[in-house]
Amino acid sequence: MRLLVIGGTGWLGGTVVRAALARGDEVTTLTRGRTAPAGSPRDGALRGVRALVADRADPADVDRALTGRTFDAVVDTAGYSVAGVRTTAAALADVGHYAYVSSISAYRDWPPGPIQGTGDPTFAAAPGADPEAEPAGYGPMKAASERALAEVFGDRLLLARSGLIVGPGDPTGRLGWWLRRIARGGDVVVPASNLEAPVAFVDVRDLADWLVDGAHRQVTGAVNASGDAGMTTYGGLLEACRTVVGADADRAATWVPLDDAMLLAAGVEEWTHLPFWSAGDAARTLWQVDTTSARAAGLASRPIVDTLRDTWSWLRDQPPAAATPVSGRPPFGLPAAIEHTLLDARRRRPV
Ligand SMILES: NC(=O)c1ccc[n+]([C@@H]2O[C@H](COP(=O)([O-])OP(=O)(O)OC[C@H]3O[C@@H](n4cnc5c(N)ncnc54)[C@H](OP(=O)(O)O)[C@@H]3O)[C@@H](O)[C@H]2O)c1
């Protein structure tokens, strides 16, 4: 199969490329050449890939890169603007199968969820909005991109509404922070309110394999591409992190569960300071996402402990996390000063 991977040098995109090469596909990537220099393989697995350089939102660029080229299928892992999605869709309108990596953020009522199924409403265009204008926000952008692609590809389109992606190579530092913090050991602040709440993830390799397989099998329609709700809980995730870090830990990690009020009063930011933490009731429903569509469409979901073991084995060989990730977003993790204040206050609290 001649496969075009839009965004083939990114985390998911690179994993898709490796999965496709393993199946013997003829792989082409399309990127701007910023994330990794196009044409210079980041690792051996990318050898043999034809690398096209274009900004997908620039019609002249896309014309130059894609004119005269034909593909059997496209896997689109670089959907960050509706304009970009429209521009490449126009140039690839004849392709036999198009898989777009969307997000559960496309659902209008998520967060906090739950998401009952793929028929739940996604963000609609704002009344009277200029159809050419970029919607404000990631979820509305994903929903509008889905609509734009449906106009072009109709029943040749797979919309993979991905849940949280985890696994080896994760550049976000979300799960990585937890693994590294637990490996340092000692008293570890954990959000008491979330420990029983379900969490669900999709392993980047499961998602990539399935996207490639879906192109071969021509899987179409909308799919909530994640592990099952209830695959573990927040507390179960932390326990599994402690297990896989095991003997690599500097010393044993002991949980210090603190309630939402105490965390918020100390300035702990939801989601970023304690990755995946949501205060209040949201945590109960956030990861209750119906994934019947994913199981029916053949998306495998490996046990979370396998994902964590492989992620840790990759992560422990990586240099310490950069203070500011490449994306420019603040790094994930609890700032040392806040952790110190919280643990100190906890020690002084009368029992
Ligand atoms: N991470 C999650 O938990 C999560 C959850 C749900 C959905 N998703 C979706 O999953 C997809 C993949 O995420 P990721 O973390 O693997 O992405 P990523 O690592 O940021 O990779 C993005 C890729 O897209 C390319 N790209 C970006 N803008 C481009 C443009 N204008 N023209 C051409 N290529 C462009 C990048 O290369 P250049 O920079 O060289 O152009 C790179 O190859 C995204 O669509 C994201 O929305 C992620």
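Across the whole structure, a search turns up 1 cavity of 30 Å³ or more. This is a predicted model: local features need pLDDT of at least 70, side-chain atom pairs count only at pLDDT 80 or more, and totals for chains, interfaces and linings use all residues. Residues are numbered from 1 along each chain as its sequence is written, and side-chain values use heavy atoms, with hydrogens and water left out.

**The cavity**

- The largest cavity has a volume of about 30 Å³. A cavity is a set of points on a 1 Å grid over the protein atoms alone where a 1.4 Å probe fits but cannot get out. Its volume is the space filled by probe spheres set on the points.
- Its lining (residues with an atom within 4 Å of a point) includes Asn194, Tyr234, Phe276 and Trp287.
- Strand S9 (198–199) and helix H9 (282–286) each supply at least two lining residues. Helices (H or I, at least four residues) and strands (E, at least two) are DSSP runs, numbered from the N terminus.
- By class, the cavity lining has 8 nonpolar, 1 polar and no charged residues. Ala, Val, Leu, Ile, Met, Phe, Trp, Tyr, Cys and Pro count as nonpolar, Asp, Glu, Lys and Arg as charged, and the others, Gly among them, as polar.

**The ligand**

- The shell around the ligand holds 29 residues, each with a heavy atom within 4 Å of the ligand. Thr9, Leu12, Arg34, Thr35 and Tyr138 come nearest.
- A polar side-chain atom of Thr35 lies 2.5 Å from a ligand oxygen atom.
- Taken alone, the ligand exposes 920 Å², and the protein buries 87% of that. Accessible areas come from the Shrake-Rupley method with a 1.4 Å probe.
- Helix H1 (11–22), strand S2 (26–31), strand S5 (97–103) and helix H4 (138–153) each give two or more residues to the shell. S5 provides the largest share, 3 residues.
- The shell divides into 10 nonpolar, 13 polar and 6 charged residues.

**The second largest pocket**

- About 370 Å³ of space lies in this pocket. A pocket is an open set of grid points with protein on both sides within 12 Å along at least five of seven lines.
- The pocket is lined by 18 residues, with Ala125, Ala133, Pro135, Ala144 and Arg147 nearest its centre.
- Helix H3 (82–91) and H4 each supply at least two of the lining residues. H4 gives the most, with 5 residues.
- The pocket lining has 13 nonpolar, no polar and 5 charged residues.

Note on methods. Polar contact = N/O pair within 3.5 Å; in protein donor to acceptor, adjacent residues only side chain to side chain.
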